[in-house]
Amino acid sequence: VQLQASGGGLVQPGGSLRLSCVASGNIFAINIMGWYRQTPGNERELVAKITRAGTTTYADSAKGRFTISRDNAKNTVDLQMNSLKPEDTAVYSCNAEGATTSWRAFNSWGQGTLVTVSS
């Protein structure tokens, strides 16, 4: 299963960006989709995740500013980021956990997209 992320870029503080990620391959079902981020010298951290049923989990830093959504029919997950701060600067990666059509579990990562918040 492959994940392709898009939507990163440079934005001024207070601005908005929308990240998108699409999963492809022999997918039977995706249980959880999420977005993580990583800065140099730090471990990757959860930003937000969403279950197939729509239950969401956000990092404290993302609550009230970011919104995660998914389209189960299209195997996509989006992250709408508003009121961005310089400390949101990071490489954002999407993740998906589920099962393939061969009934094998998968846990796949996208390639990462850089978000830079700077004036």
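Predicted model: local features only at pLDDT ≥ 70, side-chain atom pairs only at ≥ 80, totals over all residues.
View 1. Residues are numbered from 1 along each chain as its sequence is written, and side-chain values use heavy atoms, with hydrogens and water left out.

**View 2. The chain as a whole.** The chain has zero helices and 11 strands, where helices (H or I, at least four residues) and strands (E, at least two) are DSSP runs numbered from the N terminus. The radius of gyration of the chain, taken over C-alpha atoms, is 14 Å, close to the 14 Å that the globule rule (2.2 Å times the number of residues to the power 0.38) gives for 119 residues, so the chain is as compact as a globular protein of that length. Along its principal axes, the C-alpha trace spans about 50 × 25 × 20 Å. Among contacts with a separation of 6 or more, 54% are accounted for by residues 24 or more positions apart.

**View 3. The largest nonpolar core.** A nonpolar core is a set of buried Ala, Val, Leu, Ile, Met, Phe, Trp, Tyr and Cys residues joined through side-chain atoms within 4.5 Å; buried means under 20% relative accessible area, exposed means over 50%, and partly exposed lies in between (1.4 Å probe, protein chains only). The largest such core has 28 residues, and those with the most contacts inside it are Trp35, Val47, Phe66, Leu79, Met81 and Tyr92. At least two residues of this core come from each of β1 (2-6), β3 (17-24), β4 (27-38), β5 (45-51), β7 (66-71), β8 (76-81), β9 (90-100) and β11 (113-117). Of the 119 residues of the chain, 41% count as buried.

**View 4. Asparagine 75 and threonine 76.** Asparagine 75 lies in the loop between β7 and β8, and it is buried, with a relative accessible area of 17%. Its phi is near 55°, a positive value in a residue other than glycine. Most residues other than glycine have a negative phi. Threonine 76 is found in strand β8 and is also buried, with a relative accessible area of 19%. Not counting residues up to four places away in sequence, threonine 76 touches Cys21, Val22, Met33, Ser69, Arg70 and Asp71.

**View 5. Tryptophan 103.** This residue is found in the loop between β9 and β10 (105-109). Tryptophan 103 counts as exposed, at 66% relative accessibility, and its phi is near 60°, a positive value in a residue other than glycine.

**View 6. Serine 118 and leucine 10.** Serine 118 lies in the segment after β11 and is partly exposed, with a relative accessible area of 37%. Although serine 118 and leucine 10 are 108 residues apart in sequence, they are 7.1 Å apart in space, C-alpha to C-alpha. Leaving aside neighbours within four places in sequence, serine 118 is in contact with Leu10, Val11, Gln12 and Pro13.

Key:
Contact = heavy atoms within 4.5 Å.
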